[in-house]
Amino acid sequence: MNAISIFIAGISIVFLTLGILAAVTYLMGRILAAAGKRGKDGEKVAAMVAKLHAEGRI
Amino acid sequence: MTFFETGFDYITLKQVAMIVIGIALLYLAIYRKMEPLLLGPIGFSAILANLSFPGIAGPAELMKFIYDHLISTEIVPLFIFLGIGAMTDFTPLIANPKTFLLGAAAQIGIYCAMFSAIIFGFDLTSAAAIGIIGGADGPTTIYTATKLAPEILAPVAVAAYSYMALVPIIQPPVIKALTTKKQRMIRMENLREVKPAEKIIFPIAVTIIVGMLVPSALPLIGMLMFGNLLKVSGAMDRLSKSAQNEIINAATIALGLGVGYMMTADRFLNLETIKILMLGIVAFVTATAGGVLFGQIFYKLSGGKINPMIGAAGVSAVPMSARVVQQMAKRDDPENFLLMHAMSPNVAGVIGSAVAAGVFIGLLG
């Protein structure tokens with residue numbers, strides 16, 4: 001293996017690996033943010049249901 | 001017949017020169033505060049190594065034991081990486097993951113130094129070990145040099161740690177040459193808040209992805225991420241504290257003694273050492289330039305919202321290169337706070353240099 005091929009393989013693998021890590025980290029953030037939002041929505045619905053239940057409307 | 005042999009019967013001029021070099025390293029560590037935790041032990045053990053005379057009991061056996069069992073087996077650099085992981089905060093990188101690419105771009109210095117080393121007459125494996133100085137990461141450099149070219153471990157380690165300490169002097173002229181004052185004054189938006197779950201998933205995800213893509217980088221990345229998991233989990237505080245204190249401190253002493261063992265006059269006092277020290281500068285300058293030039297691409301693509309200077313922090317010398325960016329930003333605009341933005345490519349650079357080292361080891365080891 002010569003220096004040129006090591007350079008091409010090396011820099012490509014570094015960019016590819018860190019690029020994939022960037023994409024996965026970004027997606028992880030989005031998914032957890034969406035899950036957190038859904039969790040908050042769920043809490044709101046649960047609170048409304050509890051309130052309606054306490055008022056005897058359901 | 002000599003009744004009691006002393007060192008005066010054996011010492012050579014070259015050994016005296018090496019003892020002076022050891023004292024110089026101690027001076028830099030103690031009085032100039034240049035990487036004192038590493039250059040201090042390395043300097044002292046360089047003195048010890050050159051006071052070891054054949055036929056007389058000396059410290060060489062102990063240092064050889066440390067080198068053979070802890071350094072050449074790669075145990076110590078990996079335990080240092082465990083400690084670094086436990087001390088590193090990846091939050092800025094998780095909040096701004098595109099800066100992973102700045103950490104990748106700064107690794108160009110590794111390859112520039114590798115090509116320069118070949119021009120200087122080194123073979124490919126030695127050139128790769130020298131190139132990794134451009135990763136600006138001590139344990140990674142020592143790990144790679146031990147695997148690829150143990151005969152040049154001492155000068156490579158000394159070059160890496162010396163230039164890491166000189167980052168505040170090496171980087172500013174390069175950054176200034178590649179950015180305008182207007183660009184250096186760009187203020188960046190605050191980073192988003194990172195959830196605790198993200199911090200826990202991050203080290204596990206990085207370990208699995210790097211393990212699948214570059215298995216030869218996994219010892220370094222795995223220990224780095226394991227250390228980080230100890231820190232962020234909140235459930236393994238005792239282990240995290242040990243990794244951050246006792247383990248990394250003991251490993252650092254062993255690393256210094258082991259590297260110093262390689263600093264004997266016959267191994268160190270030669271033309272190759274001078275060439276390696278010169279190539280270290282090439283590595284750091286081109287790594288900084290690579291990061292800043294990629295930062296310029298980010299600047300263009302973001303419509304001027306990203307300060308291109310933060311690319312310089314992709315050189316993984318943590319946290320010095322991020323501090324350099326902050327200091328330069330403050331010089332042009334006292335109210336510009338870029339430290340956390342610069343920390344993001346800075347910690348990405350640690351991962352980038354470990355991946356680059358893994359590629360070298362995979363291809364040449």
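Q: In this predicted model, which way does helix 7 of chain B cross helix 8 of chain B, left-handed or right-handed?
A: Right-handed: that is how helix 7 of chain B passes helix 8 of chain B.

Q: What kinds of residues make the contact of helix 7 of chain B with helix 8 of chain B?
A: There are 10 nonpolar, 2 polar and no charged residues. Helix 7 of chain B brings in Ile110(B) and Met114(B), among others, and helix 8 of chain B has Leu124(B) and Ile130(B) among its own.

Q: How do you know that helix 7 of chain B is mostly covered?
A: A residue is buried if 20 or more other C-beta atoms lie within 10 Å of its own, and 9 of the 12 residues of helix 7 of chain B are buried. Tyr111(B), Cys112(B) and Ser116(B) are among them.

Q: How does the reach of helix 7 of chain B sit against the expected 16 Å?
A: Helix 7 of chain B reaches 17 Å from first C-alpha to last, close to the 16 Å expected at 1.5 Å a residue. Just after this helix, Gly121(B) takes a positive phi of about 100°.

Note on methods:
Residues numbered from 1 in each chain as written. Chains lettered and ligands numbered in written order. Predicted model: local features only at pLDDT ≥ 70, side-chain atom pairs only at ≥ 80, totals over all residues. Left-handed = near helix turned anticlockwise from the far one by under 90°. Helix = DSSP H or I, 4+ residues; strand = E, 2+ residues; numbered from the N terminus. Contact = placed C-beta atoms within 7 Å. Nonpolar A, V, L, I, M, F, W, Y, C, P; charged D, E, K, R; others polar. Expected span 1.5 Å × (residues − 1).
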